[in-house]
Amino acid sequence: MNSMELPSYLDQADPVRERFDRLKQREIILEVKDLNKKFDTSQGQVTALKDINFKTHRREFVCVIGPSGCGKSTLIRTLAGLESPSSGEVLLDGKPVFEPGPDRGMVFQGYTLFPWLTVKKNVMFGLEMHGHSRATAEGEAMEWIELVGLSQFADSYPHQLSGGMKQRVAIARALANKPRILLMDEPFGALDAQTRGKMQANLLEIWRNIDITILFITHDLDEAIYLADRILVLKAHPGEVNELIEVSVPRPRTVEQFISAEFLATKQRLEELIHPPSEEDESLPMHMVRMAKVGDDVEPVE
Amino acid sequence: MSSTTQWLAVRKPLPPKQTALLTIASFLLPLLVWCFVSYVPFIWHPKIEVTEPGGVTWFKKGMLVDRELFSDQAMLAAEDNRAAPKGDRANPVYLPAPHEVATAFYSAFTTEPKRKSEKWLHESLWHSITVIFWGFVLSSLIGIPLGILCGTYAAVSRLNEPFIEFFRYLPAPAFGALAVAILGIHDGPKIAIIFIGTFFQQVLIVSNTTRKLDVALLEAALTLGAKKINLLFRVVVPGILPELYRDQRILLGWAWTYLIVAELIGTSSGITWFITQQARYKNFDNVFAAIIMIGVIGIATDLLLAALGKRLFPWEKHQGNS
Ligand SMILES: Nc1ncnc2c1ncn2[C@@H]1O[C@H](COP(=O)(O)OP(=O)(O)O)[C@@H](O)[C@H]1O
Ligand SMILES: [Mg+2]
């Protein structure tokens, strides 16, 4: 691809800019202030997150992207309340969070459906924790299961479902609690490309139709651009905010946009941020020694 | 695929036909060895069973004598021109042939006890089973909850496990005399020995099983709003249930291995009493039958529990074969 032909990733068409203007008017759901997270390990202290600051607005779709090990999971776990920050704070609707709670739904990287519960009982779990009666919980659960298209599997156990179906149930289970924000940590990372594509489209569809803010972690650039309003780019060692990019690709998103100028421009920018040309690559060149005899008539070596 | 790679594929399940074949063979092979030793006269058979005493005055019909002694006596008789004794090679009395043990399986149940106060075999067996049952149930009633708490809360684990870790090395039978002094001579001390033999292992095994529960499930429950008690009863307990059930099956097997020692404590009772009594009368066919019966009861219970487990935990993935 020739970078000369691409517009700047910062250029926004009028409808896109207007959309962002409206978005920024909306109330703030989640605010992260000067967040730091250090782990004490046997090798000493590891700074996983350093001075993270950002806000998400109501019904916004934010993706977090960064190289592996840069602290994405640590960030989302801190937001969920599963890790406590070393300093700084996380505000949900302006109130600090200290522990996990149903106001922040979470979909994990691995499959975390309760294997001993059927699909329906899994989705009912959170509702019952809230003291909903069994009957109301069941009714609501069935609605959510229908929303993710798994009505006919309501009485199946998780081990009978495919990976994609499991994550759909996990989404339904998290949404059934009516959280303010849905936190998703590489939820489609383990799925094959085709299923992943379908799941992404399904997720956008769900997001458009209900009042939910989504924070979505991924290391797949296409996935981030396809889904997000804004992309929070982290860099590693220590995990810091590199840039917060407004995605200039107009909505509604389609697969055809993957080759649009805005899409490619954004992707190029992400690539620059995440895979900067490093000295290490040049200092560790590979030496191709012929280890085995190959017929040179097929392809001459020199 | 060649036949050797099929039989000896590393960590691959066997095809069902081979599995069935090998299962049968694992019982058949020892039985075959036993049959060989019992029925092929030139294998072992260190004794001679006298069929005709002949000129040896102290020989009696049916007597078992060493082969050397028999040939010495036969030689002496020949020198003195007495009639030669006759006999067949035989195994010692403590190795009855398979068919004798097989008959004993039936006759042991139908043989009336020698004295009125003594028990029939089925009564002895039942007594043994009740001792195991109570020892195991009492141990489980305390051991399982304690194990789960140890596996869930680090504080409970720190408080209990070091001592239990130490105590489990003390051999349960060593407490026999103490148990009799405290609990009398009847079933009390026997149940106590089964308890001691099971309980300490049980706590450690159950706590370990609890710790193996995927933390991600607990975290998922937390983000769904589960707290404290719900976390324990709605996530930890159901999460470990199938594994706990498997642990219990293994522990029950261990409890059985303590049975014989336990029943020797105080007044000998149950199947152990039957075995020692029959050994005293030299009814070794009955002794073997009783020992095999313990094995049969053990394996039958385990198979039954395994089958029940499949029904109890429909969410478990059952791999291959079945
Ligand atoms: N519980 C922990 N204890 C010690 N170090 C941790 C822990 N969790 C994460 N880390 C470290 O923090 C860094 C960020 O990890 P993580 O958030 O999992 O990265 P990512 O999800 O972006 O791949 C890594 O260097 C990792 O080794
Ligand atoms: Mg991660």
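**Reading the model step by step**

A: Let's begin with how much of chain A is hidden: buried residues make up 47% of its 302 residues. Keep in mind that this is a predicted model.

Q: What share of the contacts in chain A join residues at least 24 apart?
A: For this, look at contacts between residues at least 6 apart in sequence. In chain A, 71% of those contacts join residues at least 24 apart.

Q: And how much of the accessible surface of chain A belongs to carbon and sulfur atoms?
A: The accessible surface is about 15200 Å², and carbon and sulfur atoms account for 50% of that surface.

Q: How do I decide whether a residue such as Ile206(A) is buried or exposed?
A: Compare its relative accessible area with the cut-off: a residue under 20% is called buried. Ile206(A) has 11% relative accessibility, so it counts as buried. You will find Ile206(A) in helix α6 of chain A, which covers residues 193–209.

Q: Which residues does Ile206(A) touch, apart from those up to four places away in sequence?
A: Ile206(A) touches Leu147(A), Val148(A), Ile171(A) and Leu175(A).

Q: Where is Ser248(A)?
A: Ser248(A) sits in the loop of chain A between β10 (240–246) and α8 (261–274). Its relative accessible area is 2%, so Ser248(A) is buried.

Q: Which residues is Ser248(A) in contact with, leaving aside its neighbours within four places in sequence?
A: The contacts of Ser248(A) are Tyr9(A), Asp11(A), Gln12(A), Val16(A), Glu262(A) and Thr266(A).

Q: What should I check about phi angles and peptide bonds?
A: Then look for the exceptions. Lys178(A) is not a glycine, yet its phi is positive, about 50°. In chain A, Lys178(A) lies in the loop between α5 (163–175) and β7 (181–185). With a relative accessible area of 58%, Lys178(A) is exposed.

Q: What is phi of Trp44(B), and where does this residue lie?
A: Trp44(B) is also not a glycine, and its phi is positive, near 55°. The residue lies in the loop between α2 (16–39) and β1 (47–52) of chain B. Trp44(B) has 41% relative accessibility, so it counts as partly exposed.

Q: Which residues does a cis peptide bond join?
A: One cis bond joins His237(A) and Pro238(A), with omega about -10°. Another joins Arg251(A) and Pro252(A), where omega is about 0°. Pro238(A) lies in the loop between β9 (230–235) and β10 of chain A, while Pro252(A) lies in the loop between β10 and α8.

Q: Which residues surround ligand 1?
A: Around ligand 1 are Phe39(A), Thr41(A), Ala48(A), Ser68(A), Gly69(A), Cys70(A), Gly71(A), Lys72(A), Ser73(A) and Thr74(A). By type, that shell divides into 3 nonpolar, 6 polar and 1 charged. The largest share, 3 residues, comes from α2(A).

Q: Where does ligand 1 come close to polar backbone atoms?
A: An oxygen atom of ligand 1 is 3.3 Å from a polar backbone atom of Cys70(A). For Gly71(A) the distance is 3.1 Å, and for Lys72(A) it is 2.9 Å. Taken alone, ligand 1 exposes 560 Å², and the protein buries 62% of that.

Q: How many residues are in contact between chain B and chain A?
A: Count each side: 20 residues of chain B are in contact with 25 residues of chain A. The area buried between them is about 2000 Å², with carbon and sulfur atoms giving 69%. In chain B, Thr223(B), Leu224(B) and Trp315(B) lose the most area to chain A, together 36% of what that side buries.

Note on methods. Residues numbered from 1 in each chain as written. Chains lettered and ligands numbered in written order. Predicted model: local features only at pLDDT ≥ 70, side-chain atom pairs only at ≥ 80, totals over all residues. Heavy atoms only, no water. Helix = DSSP H or I, 4+ residues; strand = E, 2+ residues; numbered from the N terminus. Buried < 20%, exposed > 50% of the residue type's maximum accessible area, 1.4 Å probe, protein only. Contact = heavy atoms within 4.5 Å. Near = heavy atom within 4 Å. Polar contact = N/O pair within 3.5 Å; in protein donor to acceptor, adjacent residues only side chain to side chain. Areas by Shrake-Rupley, 256 points an atom, 1.4 Å probe, with all protein chains shown as cover. Nonpolar A, V, L, I, M, F, W, Y, C, P; charged D, E, K, R; others polar. Buried area = accessible area lost by both parts, 1.4 Å probe.
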